[in-house]
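Reader: I'd like to learn how to read the local features of a model like this one. Could you walk me through them, general idea before particular case?

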Amino acid sequence: MVEQFVGKWTLVSSDNFDEYMKAVGMSFATRQMGNLSKPNLIITVGDDGVISIKAESTLKTTAVQFKLNEEFDETTADGRKARSIFTFENGKLMQKQSWEGKTTTLEREVQDGKLTAKCIMADVVAVRTYEKAE
């Protein structure tokens with residue numbers, strides 16, 4: 001079911017991401033780095049059902065490994081300590097991160113050969129679009 005996400009993806013556009021990072025509570029310096037970063041996403045699925053999403057850029061590389069529907073502790077790219085859970089709903093890979101009474105949702109979807117990541121924090125929505133690299 002998540003097979004369409006597997007592969008290497010290159011960021012081609014990012015809309016409203018600075019506002020999203022602000023809404024999440026990132027510092028100015030962290031947002032500057034986030035805006036400069038053009039990460040590649042590498043998504044794999046192991047035989048054991050463990051999904052790995054690695055974000056590689058010249059500034060920083062982060063990785064998260066998880067099984068669907070199992071909550072886990074995550075340290076985000078900006079250092080937040082969050083509880084995360086991934087689910088698969090209507091063809092979308094949904095991620096919910098919760099920390100300090102706040103919640104953000106990331107909806108990842110593959111359509112027309114592009115992967116979109118919709119980042120939602122309250123009424124702020126950012127959309128990052130990736131194209132398949134290999």
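Predicted model: local features only at pLDDT ≥ 70, side-chain atom pairs only at ≥ 80, totals over all residues.

Author: Happy to. Let's start with a definition: strands are DSSP runs of E, at least two residues long, numbered from the N terminus.

Reader: What is the phi of Asp112?

Author: The general idea comes first: most residues other than glycine have a negative phi. Asp112 is not a glycine, yet has a positive phi of about 50°. As for cover, Asp112 counts as exposed because its relative accessibility is 81%, and exposed means over 50%.

Reader: Which other residue has a positive phi although it is not a glycine?

Author: Ala122, with a positive phi of about 55°. Look for Ala122 in the loop between strand 9 and strand 10 (124–132). At 70% relative accessibility, Ala122 is exposed too.

Reader: On to rings. How many aromatic pairs are there?

Author: Rings pair if their centres lie within 6.5 Å, and planes over 60 degrees apart make a pair edge-to-face, while planes under 30 make it stacked. The count comes to five aromatic pairs. Take Phe5 and Phe88: the ring centres are 6.4 Å apart and the planes stand at 85°, so this one is edge-to-face. The pair links distant parts of the chain, with Phe5 in the segment before strand 1 (7–15) and Phe88 in strand 6 (residues 81–89), 83 residues apart.

Reader: Which residues do ring pairs link into a cluster?

Author: Phe66, Phe72 and Phe86.

Reader: And charges over rings: which ring does the charged end of Arg80 sit over?

Author: For an Arg, you check how far CZ is from the ring centre and how far off the ring normal. The charged end of Arg80 sits over the ring of Trp99, 4.3 Å from the centre. There's also Arg128, which lies over the face of Phe17 at 3.8 Å from the ring centre.

Reader: How many salt bridges are there?

Author: Look for a side-chain nitrogen of Lys or Arg within 4 Å of a carboxyl oxygen of Asp or Glu. The count comes to eight salt bridges. Among them is Lys54 with Glu56, at 3.5 Å from N to O. Both ends are partly exposed: Lys54 has a relative accessible area of 31%, and Glu56 comes in at 27%.

Reader: Which residues are linked in a network of salt bridges?

Author: Glu71, Asp73 and Arg83. Arg83 meets Glu71 at 3.3 Å, N to O. That link joins distant parts of the chain, Arg83 in strand 6 and Glu71 in the loop between strand 4 and strand 5, 12 residues apart. Arg83 also bridges to Asp73, where the closest N and O atoms are 2.9 Å apart. Here the partners are 10 residues apart, with Arg83 in strand 6 and Asp73 in strand 5. On accessibility, Arg83 is partly exposed at 32%, Glu71 is partly exposed at 47%, and Asp73 counts as exposed at 62%.

Reader: Where does Leu59 lie?

Author: In the loop between strand 3 (51–56) and strand 4 (61–66). Leu59 is partly exposed, at 45% relative accessibility. Together with Met33 and Leu36, Leu59 makes a nonpolar surface patch of about 320 Å².

Note on methods: Residues numbered from 1 in each chain as written. Heavy atoms only, no water. Patch = residues over 30% accessible without salt bridge, like charges linked within 9 Å, V, L, I, M, F, W, Y side chains within 5 Å. Areas by Shrake-Rupley, 256 points an atom, 1.4 Å probe, with all protein chains shown as cover. Helix = DSSP H or I, 4+ residues; strand = E, 2+ residues; numbered from the N terminus. Buried < 20%, exposed > 50% of the residue type's maximum accessible area, 1.4 Å probe, protein only. Phe/Tyr/Trp six-rings, centres within 6.5 Å; stacked < 30°, edge-to-face > 60°. Lys NZ or Arg CZ within 6 Å of the ring centre and 35° of its normal.
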